[in-house]
Amino acid sequence: MRLILASASPRRLDLLARIGVTPDAVIPADVDESVPRGELPRDHALRLAREKAEAVSAKEPDSLILAADTVVAVGRRILPKVEDEETLRACMRLLSGRRHRVLTGVALAIPGGQVRERLVETMIAMKRLSDEEIDYYAGHGEWRGKAGGYALQGYGEVYVRHIAGSYSNVVGLPLAETRVLLKAAGYPIA
């Protein structure tokens, strides 16, 4: 059975390799990732994962299509994927000394039109960050393109006081849940 990853994220490819999965192809989905007014973080992550899976499935209807979307949320507020230093600093100040959630929606489109979904939530507590720490982190550049502006698998980990839940979820793909979805769809995985 052919498996396509509907994501341009190198982190998701690396995570899949950890469970012995190498997609047959990588076809990033082109969907609008803007947040409609009033959409909650959980709904947003699941909707985008589903839309990505469906978009690629329309082009590859005989394949399994794996898609995911990761959201960093403080309360009901969804933090952006950070592309500039000003946004990074705003996110880091907001996260400083607080708890936040990282939610990943995972969707698997199966030939025949069915889409199976999972949502995984991880709670993270950030230490209180000084201006100097934020300056130092801004200089790293690893935050570019990351939801909420930090990489748990990089230097950003030194700012995390506590994590409750799936580490791989925070990196971008909850492996236990992804494995279950693939196995239930008949994909050969140990």
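Is tyrosine 137 buried or exposed? Tyrosine 137 is buried, with a relative accessible area of 0% (buried means under 20%, exposed over 50%, partly exposed in between; 1.4 Å probe, protein chains only).

## Basis

This is a predicted model, in which local features need pLDDT of at least 70 and side-chain atom pairs count only at pLDDT 80 or more, while totals for chains, interfaces and linings use all residues. Residues are numbered from 1 along each chain as its sequence is written, and side-chain values use heavy atoms, with hydrogens and water left out.

## Tyrosine pairs

The structure holds four aromatic pairs (ring centres of Phe, Tyr or Trp, the last by its six-membered ring, within 6.5 Å; planes under 30 degrees apart are stacked, over 60 edge-to-face, the rest tilted). One of them joins tyrosine 137 and tyrosine 159 edge-to-face, at 5.8 Å centre to centre and 75° between the planes. Tyrosine 137 lies in helix H4 and tyrosine 159 in the loop between H4 and E7, so the pair ties together parts 22 residues apart in sequence (helices, H or I, of at least four residues and strands, E, of at least two are DSSP runs, numbered from the N terminus).

Tyrosine 159 is buried at 3% relative accessibility. Its ring also pairs edge-to-face with that of tyrosine 155, with centres 5.8 Å apart and planes at 85°. Tyrosine 155 is partly exposed, at 30%.

## Alanine 151

Alanine 151 sits in the loop between helix H4 (131–140) and strand E7 (160–164) and is buried at 3% relative accessibility. Beyond its neighbours within four places in sequence, alanine 151 contacts Tyr137, Glu142, Lys146, Gly156 and Glu157 (contact means heavy atoms within 4.5 Å).
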